[in-house]
Amino acid sequence: MEPTRQPLGDATRHVGRTVRGLRKRQGISTMAMAERLSALGRRISQSGVTRLETDQRRIDVDDLTALAAVLGVRPASLLPSGGALEGPDVNAT
């Protein structure tokens, strides 16, 4: 029996759109993005970059970190802020 694939969540879709916007503003092609990711040790093909930007590929924490490094931003800046996507305050007592 094949495992059921979970649909992509709002956070993944947000990251994909944010990556695409930053990449385009910086004039980085999907091919150059893939090459820079590979140079960092995170192999994502050109089609993989396109798929993550168009809600067709899941983005894990290692992807997020590498994408942020290539784009010159903090990983948190790629994530949605506020609203229901925030977790509990782990520092609350």
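Helices (H or I, at least four residues) and strands (E, at least two) are DSSP runs, numbered from the N terminus. The model is predicted: local features need pLDDT of at least 70, side-chain atom pairs count only at pLDDT 80 or more, and totals for chains, interfaces and linings use all residues. Residue numbers start from 1 along each chain as its sequence is written, and side-chain values use heavy atoms, with hydrogens and water left out.

**View 1. Thr 12 in helix H1.** Thr 12 counts as buried because its relative accessibility is 12% (buried is under 20% relative accessible area, exposed over 50%, partly exposed in between; 1.4 Å probe, protein chains only). Thr 12 touches Arg 57, Arg 58 and Ile 59, leaving aside residues up to four places away in sequence (contact means heavy atoms within 4.5 Å).

**View 2. The buried residues of helix H2.** H2 spans residues 30-39. Buried here are Thr 30, Ala 32, Met 33, Ala 34 and Leu 37. They pack against helix H1 (10-25), helix H3 (46-53) and helix H4 (61-71). Just after H2, Gly 41 has a positive phi of about 90°.

**View 3. The packing of H2 and H3.** The angle is about 110°, and the axes lie 8 Å apart (axes are lines fitted to C-alpha atoms, for helices over the stretch in contact; angles run from 0 to 180 degrees between N-to-C directions). H2 is therefore roughly perpendicular to H3 (under 35 degrees is roughly parallel, over 145 roughly antiparallel, 65 to 115 roughly perpendicular, the rest oblique). H2 contributes Thr 30, Met 31, Met 33, Ala 34 and Leu 37 to the contact. H3 contributes Gln 46, Val 49, Thr 50 and Glu 53.
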